[in-house]
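Could you walk me through how to read a structural model, one feature at a time? I would like the general idea and then the case at hand.

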Amino acid sequence: MALLTKYSLWFLPLILLIGIGYAIFLYYKNNNIIFEKKHRIVMASLRGLAMSLLAFLLLAPMLKLTLKQTDKPVILLAIDNSESLRATKDSAYYLNDYPKAVQDLATALGGKYEIKTYKIGDENHLLADDEALTMDFSDKSTNLASIFDDINMLYANRNMGAVVLLSDGIYNTGANPYYKASRSNFPVYTVGLGNPELTTDLFFAGADHNKQAFKGNMFPVELKIAANKLSGKTAELTVFEGTEQIFHKTLSLSGNRFFETVKMSLEAGSKGIHHYHADLTELDGEVTHKNNHIHFYVEVVESKDKIAIIYNAPHPDVAAMNEALALTDNYEVEVFSAGEFKGNPSDYSLVILHQLPSKGNSAANILSQLRKSGTSALYVLGTQTDLNNFNALNTGLTVSQNKNLTNNSIPLFNENFTSFTFSEDAQRLLPKFPPIQTIFGTYKTSVSANIFMYQKINGVDTKYPLVVFNQQNGAKTGVITGTGLWQWKLYNYLYAENHEAFNEIIDKMALYLAAKGDKSQFRVRHADVFAENASVEFSAELYNDSYELINEPDVKMVIKGSGDTTYEAQFSKQNKGYYLNLGELPVGNYTWTATTQIGGKRFDKSGRFTVQEIMLETANLVADHDLLKSLSSTTGGKFFQKEEINKVADEIKRNDNIKSIASYKKKYAMLLNSPWYLAAIVLLLGIEWFLRKWNGGY
């Protein structure tokens, strides 16, 4: 601790003189005060010292303190709450005794360590310090790899001691957790739950099929069937569309571990969502019969949308967008250079123009045909774009530039965007994407423009559009204000070992632009199929007679499920649209009717959707303890059987690398704010007052 002052300490003698002078004046120059000499000396000293302390405050004294801070190691308990544990023969243990064993482990680690609890399932959840741990083992999926990503984000600047992963090692979404764990700088202690031994079971290991098929075409379906410890048995495989049987096969099970892929071709009938379900014979002795049944859905459409990608010069963005769009059965994609394209935009549902019009190619013929045909267009702007020609295209966006400069812009999702939705996984990944090269200039958007993403430049959120859509006279346009999208695809793979988020963003933009315009005044949008662990969401738009977007009237919806199940709800008003989140609904088929009213004019919309059962957790019930052992081995941790859970705390305590970190922090405090300093002054004056009274003074 040190004492600092705003002014020089050479003023201290003057401060002391002030206190001494005041005391002398009070006790020696004042003849009305009659005290004994020794009493005068004591009281004068008390008064002089008190006045000196008060005068010292005029120098603005400050205390410099060095504080020691101790950062305890964080021990994170990552607890698997997935359905696969409840489906085993030890389900009673996990529902009754296991929660107490976890609580005992947390108690044993308390005090010396900071304990955090993390539930793994459909959505990984970090429990608050005052939040009770509850486990019902009802989550339908498991993503073990995401634990390590979340830890790196939440505890980047903390003393991360260790992770205790309590799981059966079965993961069915996300990347392989081994590669994520191997990059961690903390040990992972694993507790093997579930049963790693083969159990008697016949089950569907998966189903591969097209999400979409074209009316009248045949489409392939592959059902992966596995069996453990059922050698010599036979089983019947039956596939139904609704109640109609469309496929049957007898399976002869052989070997301790049986596997067969059954291939079939089914015909796409009428347009719409078709529900199929396959059943396997329920055999005696199986650990569960839940995985003997599987459901899948296929959307039958009448024809593909044709998309043309026309580029000014070869660019990796073109290949990345082409690959993303070609993965779905929605589109037939063709790629041309500006000089090669001889077709008519009217033959396509969407034309993507990469850096066209450019400074070297005005693409006047293509743009003229686009305007005449009303075909939707997506413009990708870059350093080669001729901004003067582009600004004349009436896309809802104009860009003015004085110097040929660029910005590095990170995508920033517009929370008020409602034209389409994309998954939460993609939304979480979006701000982590690397920056793309956008045009440095002044951006102006029209009133009708709908911004999907903004630009985040040098860590600053801006209102410059990165992706913007517009609709004028029935024609839709989209603009991406920079190049470098291919880097998003690479980062997507680096982060999640797939391209799903990038592909989804490109697909959703294309789907929105290529969709035929809805001319009705009341529009309701939703997905056709929802997973049972996902929220059922709707968005709606309402237009007045002048086709101006409004949301003053209420919009109500009635949803009917199987039997007499009925739900009633009202849309909430967001920005200029409507939004409704029904939460999770039971598996089944639903119909809905939405109604609203403008003045005396009533509008109705109706439709249907399906909530699909997720079978990921029951498809395979054989615990993967080898994966857990490898996670511990590569990080310097240790693997334990569930019966050894009480030994985990002792093992962590023996690890000398898991220890508190002491740091020292300087703190400055005004002496005026110190209660002890003020108390000392009051005490001196109080003692003096007491002595004066004791000696008959006033």
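What follows is a tutorial dialogue on this chain.

Q: Where does this model come from, and how are its residues numbered?

A: This is a predicted model, in which local features need pLDDT of at least 70, side-chain atom pairs count only at pLDDT 80 or more, and totals for chains, interfaces and linings use all residues. Residues are numbered from 1 along each chain as its sequence is written, and side-chain values use heavy atoms, with hydrogens and water left out.

Q: How many helices and strands does the chain have?

A: Helices (H or I, at least four residues) and strands (E, at least two) are DSSP runs, numbered from the N terminus. The chain has 17 helices and 39 strands.

Q: Which share of the residues is buried?

A: Buried means under 20% relative accessible area, exposed means over 50%, and partly exposed lies in between (1.4 Å probe, protein chains only). Of the 698 residues in the chain, 46% are buried.

Q: How do I read contacts along the sequence?

A: A contact means heavy atoms within 4.5 Å. Taking contacts in the chain between residues at least 6 apart in sequence, 74% join residues at least 24 apart.

Q: Which residues have the most contacts inside the largest nonpolar core?

A: In soluble globular proteins, nonpolar side chains tend to be buried together. A nonpolar core here is a set of buried Ala, Val, Leu, Ile, Met, Phe, Trp, Tyr and Cys residues joined through side-chain atoms within 4.5 Å. The largest one has 40 residues, and Leu325, Ile352, Phe452, Phe469 and Met509 have the most contacts inside it. Helix H13 (residues 500–514) gives the most to this core, with nine residues. Apart from it lies another core of 28 residues, including Ala308, Ile310, Phe336 and Leu367.

Q: What does Phe469 touch?

A: Not counting residues up to four places away in sequence, Phe469 touches a set that includes Phe417, Phe420, Phe452, Met509, Tyr512 and Leu513. Ala449 is also among the residues that Phe469 touches.

Q: Where is Ala449 found?

A: Ala449 sits in the loop between strand S23 (442–445) and strand S24 (450–457). Ala449 and Asn470 are 21 residues apart along the chain, with their C-alpha atoms separated by 4.7 Å. Beyond four places in sequence, Ala449 touches Gly396, Val468, Phe469 and Asn470.

Q: Which peptide bond is cis?

A: Look at omega: the bond from Leu356 to Pro357 is cis, with omega near 0°. Pro357 is in the loop between strand S18 (350–354) and helix H9 (364–373). Ala363 is in the loop between S18 and H9 too, and its phi is near 50°, a positive value in a residue other than glycine. Ala363 counts as buried because its relative accessibility is 7%.

Q: What is the phi of Phe137, and where is Phe137 found?

A: Phe137 has a positive phi of about 50° although it is not a glycine. Phe137 lies in the loop between strand S5 (125–126) and helix H6 (145–154). Phe137 has 0% relative accessibility, so it counts as buried.

Q: Is Lys180 buried or exposed?

A: Lys180, found in helix H7 (residues 177–181), counts as buried because its relative accessibility is 7%. Leaving out residues up to four places away in sequence, Lys180 touches Ala145, Phe148, Asp149, Leu494, Tyr495 and Ala496.

Q: And is Glu302 buried or exposed?

A: Glu302 has a relative accessible area of 53%, so it is exposed. Glu302 lies in the loop between strand S15 (293–301) and strand S16 (305–311). The C-alpha atoms of Glu302 and Lys215 are separated by 5.2 Å, while the two residues are 87 residues apart along the chain. Residues up to four places away in sequence aside, Glu302 touches Phe214, Lys215 and Lys271.
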